Amino acid sequence: MCGIVGVYSDDDSLTSRIAYYALFSLQHRGQESAGISVSGEEVRVYKGMGLVNEVFDDKILSRLRGTSAIGHVRYSTTGESKLENAQPLFVKSKSGTISVAHNGNLVNYKDLRKNLESDGRVFLTESDTEVIAHLLSSFLLNNDVEEALALLTERLCGSFSLALLLNKKLVGYRDPLGFKPLCVGRIENGYVIASESCAIDSVGGELIRDVKPGEAVIIEGGELRFERIGEAEQKAICVFEYIYFARPDSIIDGRSVYSVRFDIGRTLARESPVDVDIISPVPDSGTTSSIGYAFESGIPYIEALIKNRYVGRTFIMPGQKSRELSVQLKMNALKENVRNRRVLLIDDSIVRGTTSRRIVDLVRKAGAKEVHFRVGSPPIISPCYFGIDMSTREELIASSKTVEDIRKTINADSLSYLSLKGLIESVKIEEGDLCLACLTSDYPVEVPGEICLRCSARA
Ligand code: 5GP
Ligand code: MG
């Protein structure tokens, strides 16, 4: 998971600052590293480990001068969390300068890399993004940008939303299945490309529209144009963006993330009613669906838990150990609100089950009479190979346990999940255009070792 941005501004002293603020509003998409690449008289890249405001300061930004920039925040899925894997990736070759910021995960990364290494190519990182840089530098030797992107698309398998600086051109590109979001907006004297529309809002811009799956947006000499590069019969838009990952104030593929989550809560209330005194979210990810559940059921929305606003990064750090440690740092129960009450907790998803168990215990210890649990998504049963950090079946509690077993494990009085049908109705995107693989095991492309139901083959 990552966040990407691209900025074009006529005022070359503003470009990197706009990129900085846009990245800052995508911080939820990755907290491990941040970077900006700017194309001015020459290309400059600055990146570091940590949060956007830890990596950059005013002095650094004022040295990053140019009319075009791309930026990246990283949450690693392929490659370790270290500086050399941070993005944007920058290469200089016969075809010019190339900077790449990538959100997604390439399923055929190992094969692509092996082939390139057999051709004598040298790799400096463990990140799948480097194969994109290598392939682009080859394809751009004898082709224009559109042709190079088409050739790239033929070779890559997996998810890739890209922000690119190709010499002076700023390019946004979304893979034909459209796994990861990408949109473009207008700002004064320029344009912004971003993973989510909240980034465009945050710099005072206006959303033009989503970049369509298989489409490129090319900004050159201050002029913007859309180009269709690749086409797929069905799309594979990541449903987890709507469930959990994206900010609720973003609009993705024409759907407001907030209204999807609100509808999820309403649907959940109709599907799985429960006799309780209060409804509380597990903050923050369960907030919007809890409001929807309370709206539909008429049961009061009263918070049982307060979250410390400043622990975000420790929690989202990869690895089970840091996840376990951070729960008590992150949440505190409101005894006054839960004492002697029947409480319904609502969260967006249960992934590993560890947090949910601790939270139920917290609310019980604070004096709740009953603690019920509702989940704003169906059980997550299969790993994601396209960039969400749920990489092995073993770590997914619902891959091996029934709902009743999970209820016992998290120690709730009752537990229900949203149905798949209820989810799709809430998202309001055609089922065939969504990637639901984590919920159904139906992978939209062939993944080594998994069965692709769309082509009924084991890759
Ligand atoms: P669990 O009970 O599975 O340990 O934790 C469930 C919680 O994890 C939910 O609140 C959900 O919002 C959150 N969650 C789901 N996916 C991710 C992720 O990739 N990273 C982080 N930090 N939290 C996640
Ligand atoms: Mg959460």
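Q: Which residues is Arg44 in contact with, leaving aside its neighbours within four places in sequence?
A: In this predicted model, Arg44 is in contact with Ile36, Ser37, Val38, Arg63 and Leu64, once neighbours within four places in sequence are left aside.

Q: And where is Arg44 found?
A: Arg44 belongs to strand β3, which covers residues 43–49.

Q: What does the side chain of Arg44 reach at 3.1 Å?
A: The side chain of Arg44 reaches the backbone oxygen of Arg63 at that distance.

Q: Why does Arg44 count as partly exposed?
A: Arg44 counts as partly exposed because its relative accessibility is 37%, and that category lies between the buried limit of under 20% and the exposed limit of over 50%.

Q: How many Å separate the C-alpha atoms of Arg44 and Ser99?
A: The separation between these C-alpha atoms is 9.7 Å, although Arg44 and Ser99 are 55 residues apart along the chain.

Q: Changing topic: how many aromatic pairs does a search of the whole structure find?
A: The search finds 12 aromatic pairs. One of them joins Tyr20 and Phe56, whose ring centres are 6.2 Å apart. The planes of these two rings stand at 80 degrees, so the pair is edge-to-face.

Q: Which parts does that pair of Tyr20 and Phe56 tie together?
A: Tyr20 lies in helix α1 (residues 15–24), while Phe56 lies in the loop between α2 (52–55) and α3 (58–63). The pair therefore ties together parts that are 36 residues apart in sequence.

Q: Tyr20 first: buried or exposed?
A: Tyr20 counts as buried, because its relative accessibility is 12%. Phe56 is buried too, with a relative accessible area of 4%.

Q: What about Phe386 and Tyr443: what kind of aromatic pair do they form?
A: Phe386 and Tyr443 form a tilted pair, with 6.4 Å from centre to centre and 55 degrees between the planes. Phe386 is in the loop between β21 (370–375) and α15 (397–400), and Tyr443 is in the loop between α18 (437–440) and β24 (451–452), so parts 57 residues apart in sequence are tied together. Phe386 counts as buried at 3% relative accessibility, and Tyr443 is buried with a relative accessible area of 0%.

Q: Back to Tyr20: which residues form one aromatic cluster with Tyr20?
A: Tyr21, Phe24, Tyr46 and Phe56 form one aromatic cluster together with Tyr20.

Q: What lies over the face of Phe226?
A: Arg209 lies over that face, at 3.7 Å from the ring centre of Phe226.

Q: Now the ligand. How many residues surround ligand 1?
A: Ligand 1 is surrounded by 16 residues, and the closest are Asp347, Asp348, Val351, Thr355 and Ser356.

Q: Which helix gives the most to that shell around ligand 1?
A: Helix α14 gives the most, with 3 residues. At least two residues of the shell come from each of α8 (239–245), α11 (312–316) and α14 (354–365).

Q: What lies 3.0 Å from a nitrogen atom of ligand 1?
A: A polar side-chain atom of Tyr244 lies at that distance from the nitrogen atom. A polar side-chain atom of Ser285 is 2.8 Å from an oxygen atom of ligand 1. For Thr355, an N or O atom in the side chain is 2.6 Å from an oxygen atom of ligand 1.

Q: And what percentage of ligand 1 does the protein bury?
A: Taken alone, ligand 1 exposes 520 Å², and the protein buries 95% of that area.

Methods: Residues are numbered from 1 along each chain as its sequence is written. Chains are lettered from A and ligands numbered from 1 in the order in which they are written. This is a predicted model: local features need pLDDT of at least 70, side-chain atom pairs count only at pLDDT 80 or more; totals for chains, interfaces and linings use all residues. Side-chain values use heavy atoms; hydrogens and water are left out. Helices (H or I, at least four residues) and strands (E, at least two) are DSSP runs, numbered from the N terminus. Buried means under 20% relative accessible area, exposed over 50%, partly exposed in between (1.4 Å probe, protein chains only). Contact means heavy atoms within 4.5 Å. A polar contact is a pair of N or O atoms within 3.5 Å; within protein, one must be able to donate a hydrogen and the other to accept it, and residues adjacent in sequence count only if both atoms are side-chain atoms. Rings of Phe, Tyr and Trp (its six-membered ring) pair if their centres lie within 6.5 Å; planes under 30 degrees apart count as stacked, over 60 as edge-to-face and the rest as tilted. A charge sits over a ring if NZ of Lys or CZ of Arg is within 6 Å of the ring centre and within 35 degrees of the ring normal. A residue is near a molecule or strand if one of its heavy atoms lies within 4 Å of it. Accessible areas come from the Shrake-Rupley method with a 1.4 Å probe; for residues, only the protein chains shown count as cover.
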